[in-house]
Amino acid sequence: MATHVLDNPEVLLDEVGEGLRAGQLVPFVGPGISALGAHAVPLSTEALAEFFATKTTLPRRAKGNCWAAAQYIESTRFRDTVTAWMKEAFSQGVLPSAFHRWLAGLPLPLVVDAWYAGEMRTALLAAGREDWAEVQGITRAHIGEDRWFRFYTPGGDPAKAQEAEAATTLLYTPHGGIAPDANFLITDADYVEVLTEIDIQTPIPEEVRHRRTGLGFVFLGCRFDDQLLRTYARQIMKRSAARHYAVLDVETLTRNERRFLEEQNIVPIAKPLGEALGQLMG
């Protein structure tokens with residue numbers, strides 16, 4: 001990694017702020033933003049795995065891995081139990097942070113929310129905007145439908161792809177979410193099915209593919225220490241701009257994370273997340 005990049009987080013954050021305000025960057029928001037505060041819901045893959053462990057005894061291979069834990073639960077207690085426990089895990093909700101609310105006030109073409117708690121949806125609703133739509137990834141387990149995602153209006157009603165095309169801002173929640181319909185991609189089987197076709201982009205909504213063209217991404221509150229998360233981020237970024245950013249603690253990055261950042265031309269911004277978010281809003 002270029003040392004000059006790590007030496008100038010203030011300059012890089014100014015670039016990111018300008019890019020967001022100009023609609024030239026796509027915010028890719030993870031649970032780490034909400035995790036800066038105290039909340040009762042799981043706000044990391046590890047915390048979600050720990051929640052599952054409070055509900056049932058997990059085999060060793062599933063401990064600490066929420067995808068494997070959910071798969072074990074599905075195989076022993078059926079899909080309805082997985083869904084019910086996911087609803088329970090996220091039932092208390094998470095109020096959007098000041099940064100979520102700030103993003104909701106920008107006419108961004110595309111926002112990616114990479115967790116289940118629904119903070120960006122809530123922030124957009126609180127902003128009083130009606131010019132946005134949401135597209136959520138869905139599991140195809142037992143739904144009897146040959147599709148990978150569903151569109152929603154701000155009110156949570158099913159929408160058509162044409163409504164999303166007309167929206168100023170498209171909220172993309174690739175893993176699903178607690179609201180409005182409790183759609184969850186969570187088990188290993190869910191992701192195996194998606195990953196069989198993700199290289200040809202079928203599971204990525206066409207409108208997301210259209211809107212990302214020419215835009216950069218900025219990753220906030222995300223880690224790339226899980227191969228599945230790296231794969232998803234790589235495919236969502238495909239055919240976008242050449243330069244991206246991520247606010248990260250560079251001292252704790254794994255070898256795989258460093259390789260991923262270099263391969264995808266993601267510039268690391270070495271600043272504590274809370275401080276970085278405050279500078280962006282300022």
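**Ground rules.** I'm working with a predicted model, where local features need pLDDT of at least 70, side-chain atom pairs count only at pLDDT 80 or more, and totals for chains, interfaces and linings use all residues. Residues are numbered from 1 along each chain as its sequence is written, and side-chain values use heavy atoms, leaving out hydrogens and water.

**Cysteines.** I looked for disulfides (pairs of cysteine sulfur atoms within 2.5 Å) and found zero. Cys-66 is buried at 1%, and Cys-222 is buried at 11%.

**Gly-128.** I noted that Gly-128 sits in the loop between helix H7 (119–126) and strand S3 (132–137). Helices (H or I, at least four residues) and strands (E, at least two) are DSSP runs, numbered from the N terminus. Gly-128 is exposed, with 56% relative accessible area. I also checked its distance to Pro-154: 26 residues apart in sequence, 9.7 Å apart in space, C-alpha to C-alpha.

**Largest pocket.** I needed the rule here: on a 1 Å grid over the protein atoms alone, a cavity is a set of points where a 1.4 Å probe fits but cannot get out, a pocket is an open set with protein on both sides within 12 Å along at least five of seven lines, and lining residues have an atom within 4 Å of a point. Volume is the space filled by probe spheres set on the points, with grid points joined across faces, edges and corners. The largest pocket comes to about 370 Å³. Its lining has 25 residues, with Pro-31, Thr-45, Arg-223, Asp-225 and Leu-229 nearest the centre. Helix H11 gives the largest share, three residues.

I sorted that lining by class: Ala, Val, Leu, Ile, Met, Phe, Trp, Tyr, Cys and Pro count as nonpolar, Asp, Glu, Lys and Arg as charged, and the others, Gly among them, as polar. I got 13 nonpolar, eight polar and four charged.

**Cavities.** I counted two cavities of 30 Å³ or more. The largest holds about 60 Å³, and its lining includes Trp-148, Tyr-172 and Tyr-232. That lining is ten nonpolar, one polar and no charged. The second largest cavity has about 40 Å³. Asp-113, Arg-121 and Glu-134 are among its lining residues, which split into three nonpolar, four polar and three charged.

Note on methods:
Buried < 20%, exposed > 50% of the residue type's maximum accessible area, 1.4 Å probe, protein only.
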